[in-house]
Amino acid sequence: MFSTQAAVAEAGCMAEWAETDGSIPRQIEVNMPLGLSFNAKNIITKVKAGGNAALCKRVHIGMMIVRVNSAYVLGMPKKEVAALIKRSKVVCLLELVAGPAIRGTPPPNPAMYLDNNRPKK
């Protein structure tokens with residue numbers, strides 16, 4: 001097992017980006033099952049005590065899910081986001097930003113997350 005994999009296994013997750021003020025997305029690998037709930041706006045509403053997201057200590061209530069693995073999910077129905085998460089068998093890569101409950105500001109503008117890799121509609 002690589003040292004990165006060992007760290008993920010031990011901590012329940014691995015932060016890919018440094019801690020931020022919440023306005024910059026944070027990529028975190030979390031072991032499955034995640035042990036969290038989110039609402040229709042993809043804002044985390046519950047982090048199960050003892051679950052992998054809680055053990056990670058980087059996933060918090062009020063954070064907004066922006067991407068699951070490589071899929072952009074802002075505005076995507078909750079059912080579809082849940083299906084993307086469930087496809088992750090061992091580890092799920094979440095990209096999170098501090099949501100309005102944490103920052104006290106409106107949700108992020110989806111346009112700031114667009115990149116050249118995202119298919120055009």
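Biologist: Let's start with Pro-77: does it count as buried, partly exposed or exposed?
Modeller: Keep in mind that this is a predicted model. Pro-77 is in the loop between strand E6 (71-72) and helix H3 (78-87). Its relative accessibility is 42%. Buried would need under 20% and exposed over 50%, so Pro-77 counts as partly exposed.

Biologist: How far apart in space are Pro-77 and Asn-42?
Modeller: In sequence, 35 residues separate Pro-77 from Asn-42. Going C-alpha to C-alpha, the distance in space is 8.4 Å.

Biologist: Which elements does the protein chain have overall, and in what order do they run from the N terminus?
Modeller: The protein chain holds 4 helices and 7 strands. Of its 121 residues, 39% are buried. Reading from the N terminus on, the order is α-β-β-β-β-α-β-β-α-β-α.

Biologist: Which residue's backbone oxygen lies 2.9 Å from a polar atom of the Asn-52 side chain?
Modeller: Asn-52 belongs to helix H2 (residues 52-56). With 15% relative accessibility, Asn-52 falls under the 20% cut-off and so counts as buried. The backbone oxygen at 2.9 Å from its side chain comes from Pro-33.

Biologist: And the peptide bond from Met-32 to Pro-33, is that cis or trans?
Modeller: Most peptide bonds are trans. Pro-33 sits in the loop between strand E2 (26-31) and E3. The bond from Met-32 to Pro-33 has omega near -10°, and it is cis.

Biologist: Which element gives the most to the lining of the largest pocket?
Modeller: That pocket holds about 150 Å³ of space. Among the residues lining it are Met-32 and Pro-33, along with Leu-34, Gly-35 and Leu-36. Strand E3 (36-38) and H3 each supply at least two lining residues. The one that gives the most, with 4 residues, is H3.

Biologist: How many of the pocket's lining residues are nonpolar?
Modeller: The lining includes Lys-78 and Lys-86, as well as Phe-38, Ala-82 and Ile-85. Sorted by type, there are 2 charged residues and 1 polar one, and the nonpolar count is 7.

Biologist: Which residue lies over the face of Phe-38?
Modeller: Phe-38 is one of the residues that line the largest pocket. At 5.6 Å from its ring centre, over the face of the ring, lies Lys-78.

Biologist: How many aromatic pairs turn up in the whole structure?
Modeller: A pair of aromatic rings is described by the distance of the centres and the angle of the planes. To pair, the ring centres have to lie within 6.5 Å. Searching the whole structure gives a count of 0.

Biologist: What's the phi of Lys-57, and is that residue buried or exposed?
Modeller: Most residues other than glycine have a negative phi. Lys-57 is not a glycine, yet its phi is positive, about 65°. It lies in the loop between H2 and strand E5 (63-68). Its relative accessibility is 67%, over the 50% cut-off, so Lys-57 counts as exposed.

Biologist: Last one: where does Asn-69 lie, and what is its phi?
Modeller: Asn-69 is found in the loop between E5 and E6. At 32% relative accessibility, Asn-69 counts as partly exposed. Its phi is positive although Asn-69 is a residue other than glycine, with a value near 55°.

Definitions and conventions. Residues are numbered from 1 along each chain as its sequence is written. This is a predicted model: local features need pLDDT of at least 70, side-chain atom pairs count only at pLDDT 80 or more; totals for chains, interfaces and linings use all residues. Side-chain values use heavy atoms; hydrogens and water are left out. Rings of Phe, Tyr and Trp (its six-membered ring) pair if their centres lie within 6.5 Å; planes under 30 degrees apart count as stacked, over 60 as edge-to-face and the rest as tilted. A charge sits over a ring if NZ of Lys or CZ of Arg is within 6 Å of the ring centre and within 35 degrees of the ring normal. Buried means under 20% relative accessible area, exposed over 50%, partly exposed in between (1.4 Å probe, protein chains only). A polar contact is a pair of N or O atoms within 3.5 Å; within protein, one must be able to donate a hydrogen and the other to accept it, and residues adjacent in sequence count only if both atoms are side-chain atoms. On a 1 Å grid over the protein atoms alone, a cavity is a set of points where a 1.4 Å probe fits but cannot get out, and a pocket is an open set with protein on both sides within 12 Å along at least five of seven lines; lining residues have an atom within 4 Å of a point. Grid points are joined across faces, edges and corners, and a volume is the space filled by probe spheres set on the points. Ala, Val, Leu, Ile, Met, Phe, Trp, Tyr, Cys and Pro count as nonpolar, Asp, Glu, Lys and Arg as charged, and the others, Gly among them, as polar.
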